[in-house]
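Subject: A structure to look through

Dear colleague,

I am passing on the structure below, and I would be grateful if you could read through my notes with it open beside you.

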Amino acid sequence: MQSKLAGKAFRKFLPLFDRVLVERCAAETVTKGGIMIPEKSQGKVLQATVVAVGSGGRGKNGEIQPVSVKVGEKVLLPEYGGTKIILEDKDYYLFRDGDILGKYVD
């Protein structure tokens, strides 16, 4: 499923099956008190925005089960895992739908 948010980079790449392509949110570089955080001390960003999703995986009956997240939603990722993909000089990560820990609800 492509969306207007996906942009030109995703016209050439679309995840298959139950894969979800996400863009990690920017890491905090300054504390609330205004202190700069060195790059080595910054934690891994676990929040991301979904930019493209596959059509879904096949269930036991052979029916396609749709992916549980939609383009534009904010999700919580596991600390490790995912496949890094570089599209038009930007880093994106590819996860299976089942690997995503949860989504943020407004």
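Which residues does T49 touch, not counting residues up to four places away in sequence? They are L21, V22, E23, C25, G72, E73 and K74, where a contact means heavy atoms within 4.5 Å.

Before going further, please keep in mind that this is a predicted model, in which local features need pLDDT of at least 70 and side-chain atom pairs count only at pLDDT 80 or more, while totals for chains, interfaces and linings use all residues. Residues are numbered from 1 along each chain as its sequence is written, and side-chain values use heavy atoms, with hydrogens and water left out.

To return to T49, this residue is found in strand β2; strands (E, at least two residues) and helices (H or I, at least four) are DSSP runs, numbered from the N terminus. The side chain of T49 also makes a polar contact with the side chain of K74, at 3.1 Å. A polar contact is a pair of N or O atoms within 3.5 Å; within protein, one must be able to donate a hydrogen and the other to accept it, and residues adjacent in sequence count only if both atoms are side-chain atoms.

The sheet comes next. Six strands form an open sheet in the order β6-β7-β1-β2-β5-β8, with antiparallel pairing, and two strands are said to pair if DSSP finds at least two bridges between them. β6 (83-87) and β8 are the edge strands, each pairing on one side only. Between β5 and β8 the antiparallel pairing runs over two bridges, and K103 in β8 is the bridge partner of V75.

What makes up the largest nonpolar core? This core has 12 residues in all, namely V20, V22, A48, V50, V53, V67, V69, V75, L77, Y93, F95 and I100. β1, β2 (47-53) and β7 each supply at least two of its residues, and β2 gives the most, with three. A nonpolar core is a set of buried Ala, Val, Leu, Ile, Met, Phe, Trp, Tyr and Cys residues joined through side-chain atoms within 4.5 Å, and buried means under 20% relative accessible area, exposed over 50%, and partly exposed in between (1.4 Å probe, protein chains only). In soluble globular proteins, nonpolar side chains tend to be buried together. A second, separate core of seven residues includes L21, A52, I85 and Y92.

Finally, the structure holds five salt bridges, a salt bridge being a side-chain nitrogen of Lys or Arg within 4 Å of a carboxyl oxygen of Asp or Glu. In one of them D18 is joined to R96, with the closest N and O atoms 3.3 Å apart. D18 lies in the segment before β1 (19-24) and R96 in strand β7 (residues 90-96), so this pair ties together parts that are 78 residues apart in sequence. Another salt bridge is formed by E73 and K103, whose closest N and O atoms are 3.6 Å apart; E73 is in the loop between β4 (64-65) and β5 (74-76), K103 is in strand β8 (residues 102-103), and the two are 30 residues apart. Both count as partly exposed, E73 at 23% relative accessibility and K103 at 40%.

With best wishes
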